[in-house]
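Have it open beside you as you read the points below.

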Amino acid sequence: MELYIAPLARAVERLDEALRRCQLDPGDLLIQDGLVQRFEFGFDLGCKALRRCLGLASGDARAAQAMDMETLIGLAHAQGLLPGDWSAWRLWSDLRAHTGHDGEEPMGPEVVAAVPRFVDELRYLQRRLAGRVV
């Protein structure tokens, strides 16, 4: 069975588009907010794709779903699905955990600074999963 990654591919494209727009007009808070939302979506889809891939490859989808983020990223990195290890992903995970609408200070500038490397990471994951049969 081929792994379905079309949503991840679209998320990478849209995140990259938002990053380019934000770089053209860094003072536009509306564009920055859109970038943050696309970061959230891309992060979530990337993690789901990793869980699905690792679960299918191992034959144990429940174990992959139950993994904490550090274990998930460590295993994906060890298998060559990600160039970044947990130290890189911890930053993105922390940003994702704090980008919600819970009354905290906006995380826009921190996300904007982190997105270029994150886009590269998702693009790498997309290439590694494209056409992957599990």
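Is D44 buried, partly exposed or exposed? D44 has 28% relative accessibility, so D44 counts as partly exposed; buried means under 20% relative accessible area, exposed over 50%, and partly exposed in between (1.4 Å probe, protein chains only).

1. First, some ground rules. This is a predicted model, in which local features need pLDDT of at least 70, side-chain atom pairs count only at pLDDT 80 or more, and totals for chains, interfaces and linings use all residues. Residues are numbered from 1 along each chain as its sequence is written, and side-chain values use heavy atoms, with hydrogens and water left out.

2. On the overall fold, the chain has six helices and zero strands, where helices (H or I, at least four residues) and strands (E, at least two) are DSSP runs, numbered from the N terminus. Its radius of gyration is 15 Å, close to the 14 Å that the globule rule gives for 134 residues, so the chain is as compact as a globular protein of that length. That radius is taken over C-alpha atoms, and the globule rule is 2.2 Å times the number of residues to the power 0.38. The C-alpha atoms fill a box of roughly 45 × 30 × 20 Å along the principal axes. Of the 134 residues, 40% count as buried.

3. Now to the inside. The largest nonpolar core has 41 residues, and L8, W89 and L129 touch the most other members. Such a core is a set of buried Ala, Val, Leu, Ile, Met, Phe, Trp, Tyr and Cys residues joined through side-chain atoms within 4.5 Å. At least two residues of this core come from each of α1 (6-24), α2 (29-58), α4 (69-78), α5 (86-97) and α6 (108-129), and α2 gives the most, with 11 residues. Leaving aside residues up to four places away in sequence, L8 touches L45, G46, A49, L122, L125, Q126 and L129, a contact being heavy atoms within 4.5 Å.

4. Please look at the charged pairs too. There are six salt bridges in the structure, each a side-chain nitrogen of Lys or Arg within 4 Å of a carboxyl oxygen of Asp or Glu. R96 pairs with D44, with the closest N and O atoms 3.0 Å apart; this links helix α5 to helix α2 across 52 residues. R96 also forms a salt bridge with E40, where the closest N and O atoms are 3.8 Å apart. R96 is partly exposed at 22% relative accessible area, whereas E40, at 12%, counts as buried.

5. Another pair is E17 with R38, at 3.1 Å from N to O. E17 sits in helix α1 and R38 in helix α2, 21 residues apart. Both ends are partly exposed, E17 at 35% and R38 at 30%. Elsewhere, D16, R20, D120 and R123 are linked in a network of salt bridges.

6. Just after α4, G80 takes a positive phi of about 80°.
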